[in-house]
Amino acid sequence: MPPDPPSTINVILFLAADPSDLARLRIGEESREIQEKLRLARLRDHFDVEVRLSVRPADVSQSLLDLAPRFVHFSGHGAQNGAICFETRTGEALPIAPAALSALFAQFAGAVECVVLNACFSAVQAEAIAAAIPYVIGMRSEVGDRAAIAFSVGFYQAIGAGRPVEDAFRLGVVQIQLEGLPEALTPVLVRKGERVPDIQPAPPVPDTPERPRSLPGRKQPAAAGRQPPAGAVRAPAGGNLEPVVSTLRRIMQEGGEGNFAVFQADPTRNCFIQVASGAGADSLYLEAVSDKYLQAGFRLSETGKQRLSQLGWALAEGQFGGNYTKIWNNVGDDAARRLVAMEILTILSEVYGCAADMVLDVRVVLE
């Protein structure tokens, strides 16, 4: 039997920021979808959606004081360091660090049950807020507008039917799958500091990704046709994803501290990505070959180098440097490792020009 309907009005506070100096988002559509799904819900008379747009920091605290919401939903941009962007008085981006929002929500721990951060890279912020709030939903990496809106649709359909937050989270993920989008592993639910395991998505339908809700998405001149936005990572078309995930799992769970794997896609160019990990560790150290070590006559294009930078890779310096490197943290489960594998294959394809169904030569060393 369905749960008993709530006896009071539950306020959902929808906060949105779409700064003028960042790529514009479909926030209006997301707000409309949430309100429409709740108007059609079985328990529609028990929910009230309050919308606050172009929010500045003081707007957030004032709304929390005035409305005492049960749910707080933020729609906007996020940065790789976990900051989410509000707006300044002039409408420009104002990044807010995780510690600041965590401190704010700690003052409303008795009223707020769930916070949804529908912005790129907001999982860091979610874990900080979850020190005080029972349920917080964030995004592990970049998320496009379509996936963000799809998640909201599924989540609030379930909430409007009286389902608990954990069920609503899963239905939000399912809605992303039903739309055939590749970001079904992106949302993460944090419950008092503990991540709820992601459900495994069906194979995604290939599609051109939407512009992600991430801070690097500054306005760019309009391009002809539908162009993949900077920073988006697509699900690979070939059959290499699961073998790469399996290899990452192996170097993280077997052997010793000096484990590593090398994924080589084109030996004629000495094109490879190396991943190192210590058994039992929760982080991966990745290294992608630079011009310095590519075979003579092959160099990365400027577009390829920009792509690496957009994905958070940096050219290492020092005596033993020279390659592009990146560290991934919090990759202790296959859901997170799948995101790493997708990025590895994306770089091999988009930066080094390897075929999407490339045959990988994989070498594993377990210390």
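What is the handedness of the crossing of H1 and H5? Right-handed. A crossing counts as right-handed if the near helix is turned clockwise from the far one by less than a right angle, and left-handed if anticlockwise.

Some ground rules. This is a predicted model, where local features need pLDDT of at least 70, side-chain atom pairs count only at pLDDT 80 or more, and totals for chains, interfaces and linings use all residues. Residues are numbered from 1 along each chain as its sequence is written, and side-chain values use heavy atoms, with hydrogens and water left out. Helices (H or I, at least four residues) and strands (E, at least two) are DSSP runs, numbered from the N terminus.

Now the helix pairs. Two packed helices are described by the angle between their axes and the distance between the axes. Axes are lines fitted to C-alpha atoms, for helices over the stretch in contact, and angles run from 0 to 180 degrees between N-to-C directions.

Back to H1, residues 27–39. H1 packs on H5 at about 20 degrees, with the axes 9 Å apart. That makes H1 roughly parallel to H5. Under 35 degrees is roughly parallel, over 145 roughly antiparallel, 65 to 115 roughly perpendicular, and the rest oblique. Contact means heavy atoms within 4.5 Å. H1 brings Glu29, Glu30, Glu33, Ile34, Lys37 and Leu38. From H5 come Ala148, Ile149, Ser152, Val153, Tyr156, Gln157 and Gly160. By class, that is six nonpolar, three polar and four charged. Ala, Val, Leu, Ile, Met, Phe, Trp, Tyr, Cys and Pro count as nonpolar, Asp, Glu, Lys and Arg as charged, and the others, Gly among them, as polar.

Stay with H5, residues 145–160. H5 also packs against H6, residues 165–178, at about 140 degrees, axes 7 Å apart. H5 and H6 are therefore oblique to each other. Their crossing is right-handed. Residues of H5 in this contact include Ala147, Ala150, Phe151 and Gly154. Among their partners in H6 are Val165, Ala168, Phe169 and Gly172. The contact of H5 with H6 has 13 nonpolar, four polar and no charged residues.

On H7, the contact includes Leu241, Glu242, Arg249 and Met252. On H9, it includes Asp334, Arg337, Arg338 and Leu345. The class count is ten nonpolar, one polar and five charged.

How many cavities of 30 Å³ or more does a search of the whole structure find? Two. A cavity is a set of points, on a 1 Å grid over the protein atoms alone, where a 1.4 Å probe fits but cannot get out; lining residues have an atom within 4 Å of a point. Grid points are joined across faces, edges and corners, and volume is the space filled by probe spheres set on the points. The second largest cavity has a volume of about 50 Å³. S3 (71–75), S4 (84–87), H3 (98–106) and S6 (114–118) each supply at least two residues of its lining. Those lining residues include Leu15, Val60, His73, Phe86, Phe105 and Val116. The lining has eleven nonpolar, one polar and no charged residues.

Last, the backbone. Most residues other than glycine have a negative phi. Alanine 68 has a positive phi of about 45 degrees. Alanine 68 is in the loop between H2 (57–67) and S3. Asparagine 330 has a positive phi too, about 55 degrees. Asparagine 330 lies in the loop between S14 (324–328) and H9.

Notes:
1 Å grid on protein atoms, 1.4 Å probe; cavity = no way out; pocket = protein on both sides within 12 Å on 5 of 7 lines; lining within 4 Å.
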